[in-house]
Number of protein chains: 2
Amino acid sequence: MENTLYFTFFVAIAAVLMAIFMLRNALSRPEGDKKMKAMAHAIQEGASAFLKEEAKRIALVAIVIAVFISLIFRIRYGVVMLAGAFVSEMAGLVGMYASTHTNVRVAQSAKKGLFEAFSTAFSGGSVMGLVVAGFSMIGLTTVMLIFKNSFAFSAVYSIRTTGMTHIHGISVVDGVMIVSAYSFGASLIALFDRVGGGIYTKAADMAADLVGKVEEHIPEDDARNPATIADNVGDNVGDVAGLGADILESYVASIISTIAIVMFMAIADKNMTSPQYYKLLYLPIAIAGGGIVAAMLGIGFVKLRRTTNARAALSSGNIFTGVAVLVISAIIIYFFKIDYVFQGKFVLARGTANIWRPFFSIVFGLVAGLIISKISEYYTSYDYKPVKHLAESSQTGVAINITGGLALGMGSTLWPILTIALGIIGAYLASGVYGIGIAALGMLSFVAYTVSVDTYGPIADNAGGIAQMAGLDPKVREITDGLDAVGNTTAAIGKGFAIGSAAFAALSLIVSFIWSSAQRTGQISLNPVINMIGPYTIVGLVIGAMLPYFFSALLINGVSENAFLMVKEVRRQFKSDPKILKGESLPDYNRCISITATGAISKMFLPGVIAIIMPFAAGYLLGKSALAGVLLGGLLSAIMIAIFTANSGGAMDNAKKYVEMGNLGGRGTPLHDATIVGDTVGDPLKDTVGPSMDILIKLMAVLSLFFGSLFPVLPFFMK
Amino acid sequence: MENTLYFTFFVAIAAVLMAIFMLRNALSRPEGDKKMKAMAHAIQEGASAFLKEEAKRIALVAIVIAVFISLIFRIRYGVVMLAGAFVSEMAGLVGMYASTHTNVRVAQSAKKGLFEAFSTAFSGGSVMGLVVAGFSMIGLTTVMLIFKNSFAFSAVYSIRTTGMTHIHGISVVDGVMIVSAYSFGASLIALFDRVGGGIYTKAADMAADLVGKVEEHIPEDDARNPATIADNVGDNVGDVAGLGADILESYVASIISTIAIVMFMAIADKNMTSPQYYKLLYLPIAIAGGGIVAAMLGIGFVKLRRTTNARAALSSGNIFTGVAVLVISAIIIYFFKIDYVFQGKFVLARGTANIWRPFFSIVFGLVAGLIISKISEYYTSYDYKPVKHLAESSQTGVAINITGGLALGMGSTLWPILTIALGIIGAYLASGVYGIGIAALGMLSFVAYTVSVDTYGPIADNAGGIAQMAGLDPKVREITDGLDAVGNTTAAIGKGFAIGSAAFAALSLIVSFIWSSAQRTGQISLNPVINMIGPYTIVGLVIGAMLPYFFSALLINGVSENAFLMVKEVRRQFKSDPKILKGESLPDYNRCISITATGAISKMFLPGVIAIIMPFAAGYLLGKSALAGVLLGGLLSAIMIAIFTANSGGAMDNAKKYVEMGNLGGRGTPLHDATIVGDTVGDPLKDTVGPSMDILIKLMAVLSLFFGSLFPVLPFFMK
C-alpha cells in the first residue's frame, strides 16, 4: 500500500512537468509591440513586488510559529509546517509568473483569432492548476515517505495497546501531527494570500472606477488612469495567487483530515486490522493521484480540441474530467477492496463490509458539488429569472436594487444548504465520518482542472486590460471579453465546488480535532461526543457564529479605507500634472501600486491574527467543548455568508451586465446607474468577503487539530 | 407557595386597572379640530380594519391547530393554546386602540406645550405596556390555577417513581404541556403580527417616500399623498401591535421555559424535595409579579415628575424601574429561601446551596441586557464615532455608504455576542440551566415599562404625522418631533433587552425541548446530551442556520413587492385626478390602505407556515438530534442577523439624520442623497427583518417543546 505514495508522488511530478510544458507553450507565443510589453511588464513587476512583500511578512509569521511549534512539540513539526507553507507560496509564485506573462501574449494572439487566444490563455491558466496539485502532492507524499514510520500500523497499534496517546499533554500520534502541520503551513499562506489579495484587488478596482469612470469619465483600463495597472495587478494577486493558495489549502485539508480520521479510528477501534488500516489510510492519497491523472487528461482534452467555441471546450473538458475522476476512482476502489465495517455512531450503524462504500461517498460529494454549482449559476447568471427580475426591479431605483440583491443572496442559501445536508447524510451513510472526508476529496480531486479554468479567466481579463491600455484594435478586446465571459461562467462551477468542499472538509477537520483533543484524557472513542447543549459548547457556538461577521466587517473596512487612499492619490496625480489626462505624459502607476500594496498588507494583519488567536483563546480559556463550538458555529456562519455574498454580488454584477447588453434601455439610463451602484456594493461582498470565509474556518479548524492535545477539557475557572 | 399565583394574578389585575386609568387619562384630552379628527379617524379605521382582517386569518390557523392538538393530545391543550393566542390578540387590540386614539390628542396637547404632549403620549403608550404584562399574566396564572393538580409535586413525583413519562408516545408531564400550549398560542399571534405588521409598515413607508418625496417632491406626511394614511397606520400595526405581541411572547416564553425546566429537573433529580420543587416552580411567577409592580411604580414615577425634559423623565424612569426590579426580586428571593443544590452538568458542578444563586442569575441577565443596549446605542446614535464616520464616508457616494453600513452592522456583533456569552456563563454558574431562564426573565420582568416607552415613540411619531396632514402650526410638529427623537433613543434600550432576552429564552426553550423529547425513550436525565458532532445534529445545525436567511429574504421580497403595488396605485391616483396634487380634492386613502393590508396579509403567510412546518419536518424526518440542531443553528443565525440588521439599519438611518441636522453640508447635498438611499436600504433590514428574527426562533423552539414527545430519536431512514 505504501506504493500509493510513490504512485501519487510520480503523478505529481508528471503534473509539474506538464506545467513546465504548458508554460513553455504559453511563453513561446509572441509578446506584441513595445507598448504592450511595457504594460505587461508593469503588471508583472507590481504583482511580483506585492507577492514578495506579502511573502516576506508571512514568512516572518510562519517562522515565528514554526519555532514556537518546534519548541513546544518537536522540531519536525516546525519544519513540516514550513514545507506546507513553502509549497503553497511556490505554487502561487509560479502560477502568477505564468499568468502575468501569458496575459500580454493572449492579447497579441487575439490579433490572430479566437482559437489562438483561447489556446494561449488556457495554457497559461493550466500552469497554476497543475502546480497547485503537483507541488502540494509532491510535498505531502515526500513528507509522508520521510516519516513513514509514524504512519505505520505498528505506531498506531502501540498507542492502541498501551492506551498512551500523549506524554506530558503532548500528542504521540505523530502521523496526525505531521500531516496537520503540513496543512497548517498551507493554511497560513492561504489565509494571508486570500485576505491580502482580496483587499488589494477590490481597493484598486473601486478606486480606478470611482475616479476614472465616475469622476473623469474615462473608460475602464484606460492608460491615463494611474490606478489602472494596480487594478490589473489586483486581478493577479487576488484571483490568481489568492485563489490558488485557497484551493491548494482546501485540497490538502481534505486529504489530511481523512488521514487523521483513519489514524484516530485505528486507535479507537480495536478490531481494525493492519491491511484495513493501510487501505483506509492510503485511499485518499490514491484518489488524489487519480484525480491529478484525470485533470491532466482533461487539460489535454481541452488543448487538443481545435474548436473556436471556448465555452463548449471548457464545459466538455469539465464533464470529461469529472467522468474520468469517477472511472479512475472506481478502479482504485476496486483494487483497494476495503473490507472495513464502518460502524458506531460515526459510521453506519448497521454497516456491512462493501468495497464500494467509499466510492458512494465520492459520488455523493461530486454530485453535491455539481448541484451547488448549478444552483449558484441559476441565481447569478442573466440567463435566468432571478437576475432578470433584479434588473427589472432596479427601475424603482438604487435602494430597491440593493435590497433586492441582498434578499436574492439570502434566499439563495436554501437549496445549496439542503444539498449539503443531503450530501453529508449520504456520504456518512455510505462510509461514516471517513466518507465525509472522502466526499470532500471527491469534489477537490480534479483541482488541477478547476484551478486551470479559474486562472484562465483573470488571464483573459488582463489581456483585455492590456489591449485597452495599449490601444489595440477593438476587435482584440471583443475576443478577450468573450473569453473572459466564458471564464466567468465556468469559474462559477469551481465556486460551487469550493464552497461545498469547504463545508465537508471543515466538518471532517472538526471531528479530527475532537479526537485530537480527546488525547488529553486518553479517551479516544470511536463515537466521540461533544454535548451541544452544554453551556460552554453553546457559548463557543455563539462566539464562533459571530467571528465570520466580525471578520467580514474588517475586510470590507479594509477595502474601503484603501480605496479611499487610492482615490486621493489618483485625484492628486490628475491635479498636479494635467498632461496625464490629455494622454501626453504617463501617470505614476507605481505610487498607486505601492499604496494599495502597503494598504492591503497592513489590513490583512488583524483579520489574520484573529483567525490564528481565536482557537487558542477559546481552547485555553473555555476548554475543548467551547472550541468545538467555536469551530462549528464559525462553520455555520461562514457557509451562509459565503453563499449569501457570492450570490448577492454575482447577481448584482450580472444585473448590470444584463442592462449593458442593451436590455431595459441599456447604458446611460437611470436604471443602468442603479445597477452600477449595486455592482460596487456587491463587489467587496463577492470578491473579498465571500472567498475569505472558507479559509477562515479551515485555518481555525486545522490549527485546532494540530494543537488539540494542548487544550483543557474544562474552562479555566472550573479547574 | 401556590399563593404566588394569586399574588401575581392580582398584580396583573392591578396593571390592567392602571391601564384603564391611563387610557381614560389619555382619552380625556381634547381631540382637536375637525380635520385632525378626520385624519385620526382614518388611521383608527385603517389600523383596526387591518388588525381585524389579520386576526381573522390567524384565528383560522389557530383554530385548525387547536383542533389538531386537541385530537392528538388532549382538548385542554387546544383550549389553553387558544387562551394564549387570545390574550396576545386582546393586548394588541387594546394597546392599538389606545395608541390610535392618543396620537391626535398628543398633536392637540402639543399646542399647549411640551409637558402636556409628553404626558398624553406617555399615558397612551403605557396602556400597551400594562396590558401586555397584565393580560398575559392574568391568563397564565388563571390557567395554572385551573390545572393546579398538573403542577403539583405529586404529579411530578408519580412520574419520577413510575418512570412513566409518556403513554403511547404522548407526554404525561401535563404541566409542561399546558404552559407550552399557552406560550405557543402567544407565539402564533406574535409571529403573524410581527411579520404582517413589519411588511405592512415598511411597504407603506417606502411607497409613500418613493412617489411622494422623490417623484412629486411633496413633504413627508402630506395630506395630498394617498399613501400617507397607510404609512401612519403602518406605524401602529407594526411598531405598536407587532412589537407588543412580540414582547408579550418573549415574556411568556421566558416564564414558561423556566417552569418546564423545573418540572423536568424534578423528574430527573430524585433528590429534589417537594418544598424545593414548589419554590423553584413559583419563583418565575413571583418575579414576573414583582416586575409588574416595579413597572407600575416606574410608570407612576414618570407620570408624577412634572418635568419638560422628556428624555430625562424616561431615562430616570428606566433606571428607577430597573433598580425597583432588583430590590423587589431580592426581597422575593430572600423570602423564597431556595436551598436547592444546583448540580450536574447543567447546573453548577461544585454547587452548594445558597439562596442568592438565582438572584445572581437575574443580575447577570439585567446587566447583560443593559450592556447590549448601550453597545447598540454606541453603534447607531449620531453622538458617537461609528455613525459620524459612516456619514463622512458617504462623501464618496452611495456605494461606500451602504457597504460601510453593512460592515458597521456586521462588525457590531462582536461585543453584544461576547456580552451574551459572558451572561450565559454567569447565569449558568450561578444557578445552572434554571439560571439561564431566570436571567431571561430578569431582563423581561419590567416589560410593562419598556413596552410603554416603545409604544410612546410611534404615538409621538403619529402625532407629528397628524399635525403635518392637518396643517397645524410648525411648532406643534417641532414638539412632536422632539418627543419622537427621545422615544427612539429610549426604545434602543428596549431593543437590546429584546435581543438579549430572546437569546436566553430561546436557549432555555431548547433545553426544555430536549427534555421533552427525551420522554420518548423514558430517559429524562439531569444531564441531557445531544451529540453536536453526530451527523444528524450537524445536518440540523446547517439547515437551522440557513432558515433565518431564507426567512429574511421572504420578508424583504414581501416588502418590495407590496411597495411596488402601492407605488403604482399612488401614481394612478395622481394621474386620474390632477386636483389631488393641488390639494383641491382628497385622495382615496382607503384604496392604498386596502392594497397594503391585503399585500401584507398574503405575504405573511409563507414565512409563517415555514416557521410552523420546519420543526415538524426536521423532527419527524431526521429525529430529535437534528431538530435540536435546527433550533440551535437557527438561534445562532437569528441572533447574528438580528444584531447586524438592527445596527446597520439604525446607523444608516441616523447617518441621514446627522446630515439633516446640518452636518457635512446638510440637506440637498449629494452626500445627503447618498444617506437617503442608505436609509431606504436599511429600513426593511431594521424594521422588518431584524425584529422578526426573535419570534421566528422562539416559535420554532416552543413548538418543538410542545410536540417534543412525538419526535423519533433517529431519522426515518434509520428505523
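In the interface, 64 residues of chain B are in contact with 64 residues of chain A, where two residues are in contact if their C-beta atoms, placed from the backbone, lie within 7 Å. The side of chain B that touches chain A receives at least two residues from each of helix 12 (398-411), helix 13 (414-444), helix 15 (474-518), helix 16 (535-576), helix 18 (589-660) and helix 19 (670-707) of chain B; helices (H or I, at least four residues) and strands (E, at least two) are DSSP runs, numbered from the N terminus. Helix 16 of chain B provides the largest share of this side, with 18 residues. By class, the side of chain B that touches chain A comprises 48 nonpolar residues, 15 polar residues and one charged residue, with Ala, Val, Leu, Ile, Met, Phe, Trp, Tyr, Cys and Pro counted as nonpolar, Asp, Glu, Lys and Arg as charged, and the others, Gly among them, as polar.

The model is a predicted one, in which local features need pLDDT of at least 70 and side-chain atom pairs count only at pLDDT 80 or more, while totals for chains, interfaces and linings use all residues. Residues are numbered from 1 along each chain as its sequence is written, and chains are lettered from A and ligands numbered from 1 in the order in which they are written.

Two copies of a chain are related by a rotation about an axis and a shift along it. Here, chain B is superposed on chain A by a rotation of 180° with 0.0 Å of shift along its axis, at an RMSD of 0.0 Å, the superposition being by least squares on the C-alpha atoms of residues with pLDDT of at least 70 in both copies. The two copies are thus related as by a two-fold rotation axis. Because 100% of the interface residues of chain B are also interface residues in chain A, the copies meet through the same surface.

Within chain B, the axes of helix 16 and helix 18 come within 8 Å and cross at roughly 175°; axes are lines fitted to C-alpha atoms, for helices over the stretch in contact, and angles run from 0 to 180 degrees between N-to-C directions. Helix 16 and helix 18 of chain B are therefore roughly antiparallel to each other, given that angles under 35 degrees count as roughly parallel, over 145 as roughly antiparallel, 65 to 115 as roughly perpendicular and the rest as oblique. The contact between helix 16 and helix 18 of chain B contains 34 nonpolar, 14 polar and three charged residues.

B:Leu483 lies in helix 15 of chain B and counts as buried, with 28 C-beta neighbours inside 10 Å; a residue is buried if 20 or more other C-beta atoms lie within 10 Å of its own, exposed if 12 or fewer, and partly exposed in between. When neighbours within four places in sequence are left aside, B:Leu483 is in contact with B:Ala117, B:Phe118, B:Ala121, B:Ala310 and B:Ala460.
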